[in-house]
Structures are given as C-alpha cells and as structure tokens.
Amino acid sequence: MTKKALLLIGYQNDYFAEDGILKAVVEESVSHNDVLKNTLTLMDMAKEKDSLVIATPIIFSDDYRELDNPIGILKICKDVGAFKKSSNGSNTIEEFKNWDGKILELPGKTGLNAFSNTKLKEVLKEENIEEVIIAGVVTSVCIDSTARAAADQGYQVTIVSDCTAGRNNFEQDFYCEQIFPIFASVKSSSEVF
C-alpha cells in the first residue's frame with residue numbers, strides 16, 4: 001500500500017475568515033466547491049488511514065523583509081498586508097482547531113511552493129511518503145507550483161478537485177481538467193482514500 005501524506009496549503013484566516021484580507025480572491029471557488037467541508041472530511045479519512053497530515057502556512061515578518069522586489073500575488077500580499085506574523089490573518093483557520101497536535105506544521109514558507117524554505121522535502125523522505133495529496137489555495141499558484149515540485153521529485157501527486165480553490169470557477173476547472181492531468185492525478189475528496 002502506498003504511503004500517503006495530505007498536504008494542506010493556505011488554510012489561513014486571510015483567505016478563509018470573514019474578515020480575511022484575501023477572502024474575495026478565492027471566495028467564489030471555495031464556496032462552489034464546498035472546500036472547507038470537503039477538506040475536513042478528507043482530513044478525517046486521512047486520520048483513519050493513518051496518513052501524515054502536513055500544513056505549510058505562508059507567514060511574513062511585519063516589514064516583509066523576506067520579499068525582495070515581489071511581483072504578482074506576493075506583491076499583492078505585501079501591498080495589502082496579508083499573512084503578517086503579527087496578524088490574525090496568518091493564523092490557521094478555526095475549523096482546524098480540533099486537529100491541534102494532529103497536523104504537522106512546517107513553517108518557513110514565504111513563497112509559492114510549499115517545498116521552498118520549509119522542511120517538507122526532508123519530512124516526506126523521512127516518513128517514506130510515496131504519494132502527496134494536495135488540498136488548499138490558490139490553485140493556479142501555490143497548488144500548481146507545489147504539485148509540480150512534488151512530481152519533479154518523484155512523488156505520485158494527487159490534487160483534490162473539491163478541496164482546492166482558484167481565483168474563480170473557470171480557473172479552478174481549467175487547471176483540474178487541462179493542466180494538472182499532465183503531471184498529476186485529479187480526484188474528488190471521496191476518491192482519494
């Protein structure tokens with residue numbers, strides 16, 4: 001049986017809380033896919049199968065010194081003050097509080113790819129993981145870059161279509177139907193475990 005790890009990306013207040021600075025960026029797709037409900041169900045299934053559950057939150061210092069001439073979404077994060085260490089927006093969503101101690105949190109992510117500046121590669125190797133299951137936001141950015149990195153490192157990659165969210169439904173569907181199948185499996189949460 002393949003040893004699996006569930007990787008949770010971007011489940012932070014700035015995307016999911018009512019007052020989240022970037023909530024509007026993913027709200028359409030999060031709502032349409034019922035991402036939170038499906039993710040919590042997926043996490044329960046992962047626990048039943050004794051799979052590793054990992055989160056790689058993106059957190060910046062208050063002066064964003066980690067970002068040198070940012071562009072795109074990272075510039076937006078800096079410009080609007082998202083994911084600052086001192087803010088509630090960088091915190092993990094309340095819905096995960098029942099999972100305290102059951103999610104391995106790997107800090108350090110200050111870019112798009114969950115492998116960058118974290119110990120993700122080392123942990124997956126240490127735990128003999130063969131398949132990385134990816135859930136979270138934003139589909140076209142962090143999900144895509146992390147999935148490609150995992151595939152390049154030889155992992156089987158599964159992207160959970162109803163536990164990921166793009167900037168809109170078109171983007172979400174396009175990536176799940178046209179882009180991800182080139183290098184990964186795309187499954188619904190009910191098909192993963």
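Author: Helices (H or I, at least four residues) and strands (E, at least two) are DSSP runs, numbered from the N terminus. The model is predicted, so local features need pLDDT of at least 70 and side-chain atom pairs count only at pLDDT 80 or more, while totals for chains, interfaces and linings use all residues. Residues are numbered from 1 along each chain as its sequence is written, and side-chain values use heavy atoms, with hydrogens and water left out.

Reader: In what order do the 6 strands of the sheet lie?

Author: Two strands pair if DSSP finds at least two bridges between them. Here the open sheet has the order 3-2-1-4-5-6, with parallel pairing. Strand 3 (104-105) and strand 6 (185-187) each have a single partner strand, so one side of each lacks a neighbour in the sheet. Strand 1 (residues 4-9) is joined by 6 bridges to strand 4 (residues 131-137), and Ile9 stands opposite Gly136 in strand 4.

Reader: At what angle do helix 6 and helix 7 pack?

Author: Two packed helices are described by the angle between their axes and the distance between the axes. Axes are lines fitted to C-alpha atoms, for helices over the stretch in contact, and angles run from 0 to 180 degrees between N-to-C directions. Helix 6 (residues 139-152) and helix 7 (residues 169-179) make an angle of about 25°, and their axes are 11 Å apart.

Reader: Which residues of helix 6 meet helix 7?

Author: Contact means heavy atoms within 4.5 Å. Thr139, Ser140, Asp144 and Arg148 in helix 6 meet Glu171, Gln172, Tyr175 and Ile179 in helix 7.

Reader: How many salt bridges are found in the whole structure?

Author: Side chains of opposite charge can pair when their charged atoms come close. A salt bridge is a side-chain nitrogen of Lys or Arg within 4 Å of a carboxyl oxygen of Asp or Glu. The search finds 8 salt bridges. Lys23 and Glu27 form a salt bridge at 3.9 Å, N to O. These two residues are 4 residues apart in helix 2 (residues 23-33), which means a separation of about one helical turn.

Reader: Where is Val138 placed?

Author: Val138 is in the loop between strand 4 and helix 6. The peptide bond from Val137 to Val138 is cis, with omega near -10°.
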